[in-house]
Structures are given as structure tokens and as C-alpha cells.
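Open the model in your viewer and keep the selection tool at hand.

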Amino acid sequence: MIVTAHGKLNLSLDVLGRGDDGYHALRSVMHTVAFGDDVQVELTSDGSFTIDPGQSYLPADGRNLAVKAARLFLEGTGLGADIRITKRIPVCAGMGGGSADAAAVLRALNALTGRNMTAEELSGLGAQVGSDVPFCVAEGSALAEGRGEQLTALPSLPRCSIVLCKPAFSISTPELFARIDRRRSRLHPDTAGLMAALEAGDLAGVARRCFNVFEDVLGGRGSDIAAIKSLLTDMGALGAAMTGSGSTVFGLFASEDDAKDAWEALSGQHQECWLTRPWSGGQA
Ligand code: ATP
């Protein structure tokens, strides 16, 4: 069985504070996109687990989140899984690629074994693999709170085009959290306004509220991210922001032609650019 592991965007991302356990409380409106990895899953009767992770630098053993998810799902059944990933989602880029692969494996195994676990049960398993996995199981749009695992479903984005651009550098997630912690005051996204705009099907209202608190603490890389955002908005994006801890930047467009022009312009400057659309869920 081959399923798509859809990438995610943080339309907004807020860090509310840091708990005694060291984890940060987040508040984010998340959305899946049509762009993603292909994940091929086959059951094995001898209980073995193998993976082709699709890139030489990704773990090809039990450390891969796709294998973790498969082991968890098949625990106690005597069955194993052969997993092959065609990797498209950029790695360590804020698009939740590992979590998406894990969620795709859970959905595939649910269908292949005929176990028919409910979405809630699958999400519960996913939470044991990683905090973004429950969202990737659910797909569509949701407000994610806590570490990202507490989900409230939201309406999907209205029809639009999305341009993604991953500049050729990654950003250290622990470093960004440390910088956030050092800030006495910080800007916050208008999360409530963004959710109201989603409810109203108001694309422009959503797009102008896309904001990620990490953009405020980027240091030297901030100018590269700002340049991509400027190009996107100059070329017609209704809004643009960085997703997760970066470095992927997205722009939301009402016009597909404008999005295509922006994608072409960015592709001249950056190797990893994609043109996609929102994904509202609904695949096995
Ligand atoms: P997030 O937005 O959730 O913070 P990310 O997009 O920044 O995620 P990922 O690409 O999901 O980050 O992966 C980050 C780490 O997870 C890498 O160090 C990678 O080695 C590990 N990993 C394990 N399994 C996978 C997988 N199937 N695909 C990608 N990365 C994986």
C-alpha cells in the first residue's frame, strides 16, 4: 500500500511559556499541504522491520519515526513491516516530515491489518511517537496546544495556492527556544483572529495573521527569511511566514498564476521551492 505523508505548516506559532519539565507550551494553528512523501508499507509475516528512508542521511533503523510507529502499531501481533519512503519533504525544515511519515505508516497499517482503529485511537498511538504525529494522523487544520498534541479541529483553508521555499540552511530548534526564553517581552500572533478568519472562510484574513514567534529571534538568518517573505508578498502573496522552527517559508496566494510566478522567481534563487495547495484530509 502506498500512502502520502502530507507536510504541515504552522500558519501561526506562539510559544506561551516553559513548564517545570523543560517543555514549552505552544499554541499553533496547523494545516496540512498536498505536498508530501510517498510511503510504501507491506506487512511481513516473520515480524521483521526494514526501512528504506529515501535519503542516505536519514536513520534506516528503529530510530526512524516511521519504524517506531510501525513497531508500536504491530506490537504483540507477530507481524512486521517493510517500509519504503520517497522523501520529498525537506528534513529539519519545520514541515514535520518525520511525524508525517509516522502518521502515514499508522494509517496504512490500520487499513492493511483491517484493525479499523478510530482516528482518536490512532492519534493516541501517534502521540507516543512524537507530539506532531497526532496532527499528522488527523490532517486538515487544527489548533494545536500543549506540546502540539492537544488538538481542536478547525475548518480548512479556503481554496488557494501555496508557495514553499526552503533556503539552503537549517535553523537550530533548541537555540531558537533558548533565545525565546531570554526575551522578556515578545510579539504574539493573533491566534483567535486567525481562527475566526478560518471559520469565516476569509483567506485574506487568515493570510495577514500568519505569524511565527520564532521569526522575531532569528538573528543573522532573519534577513534571508525576510527577503523570501518580501518576494512572496511583492509577487501577490496575501501573507507569508516561516513554518515551525524553519527554515521553510510559505506564502498564501488567492491567484494560482501569481503563485506560479512567485515560485518561478524564487526557484531562480533557491534550489528547494514547491508550488502546492492546502490538504484538508480524507485519504486512507
Ligand atoms: P518539526 O516541524 O516537527 O519540528 P522538522 O520538519 O523540523 O519537524 P523532521 O524533518 O521531521 O524535522 O526531522 C527531524 C529529525 O527527525 C531529523 O534529525 C531526522 O534524522 C529524524 N527522523 C527520524 N525519522 C525521520 C523521517 N522518517 N523523516 C525525516 N526525519 C526523520
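## Stop 1: the largest pocket

The largest pocket holds about 1,000 Å³ of space. This is a predicted model. Select Gly96, Ser99, Asp132, Thr173 and Ser245: of the 41 lining residues, these are the closest to the pocket's centre. Now colour β1 (2-18), β2 (24-44), α2 (97-113) and α5 (173-182); each gives two or more residues to the lining.

What kinds of residue line the largest pocket? The lining has 18 nonpolar, 17 polar and six charged residues.

Next, colour domain 1 (2-153) and domain 2 (161-279). Both give residues to the lining, so the largest pocket lies between them.

## Stop 2: the second largest pocket

This pocket has a volume of about 240 Å³. Select Arg159, Cys160, Ser161, Arg277 and Pro278, the closest to its centre of the 14 residues that line it. By class, the lining has seven nonpolar, four polar and three charged residues.

## Stop 3: the ligand

Select the ligand and the 18 residues around it; Asn64, Cys92, Gly96, Gly98 and Asp132 come nearest.

- Asn64: an N or O atom in its side chain is 2.9 Å from a nitrogen atom of the ligand.
- Leu65: a backbone N or O atom lies 3.0 Å from a nitrogen atom of the ligand.
- Asp132: an N or O atom in its side chain is 2.7 Å from an oxygen atom of the ligand.

Finally, show the surface. On its own the ligand has 620 Å² of accessible area, and the protein covers 76% of that.

Technical notes. Residues numbered from 1 in each chain as written. Predicted model: local features only at pLDDT ≥ 70, side-chain atom pairs only at ≥ 80, totals over all residues. Heavy atoms only, no water. 1 Å grid on protein atoms, 1.4 Å probe; cavity = no way out; pocket = protein on both sides within 12 Å on 5 of 7 lines; lining within 4 Å. Points joined across faces, edges and corners; volume = space filled by probe spheres on them. Helix = DSSP H or I, 4+ residues; strand = E, 2+ residues; numbered from the N terminus. Nonpolar A, V, L, I, M, F, W, Y, C, P; charged D, E, K, R; others polar. Domains from an automatic or database assignment. Near = heavy atom within 4 Å. Polar contact = N/O pair within 3.5 Å; in protein donor to acceptor, adjacent residues only side chain to side chain. Areas by Shrake-Rupley, 256 points an atom, 1.4 Å probe, with all protein chains shown as cover.
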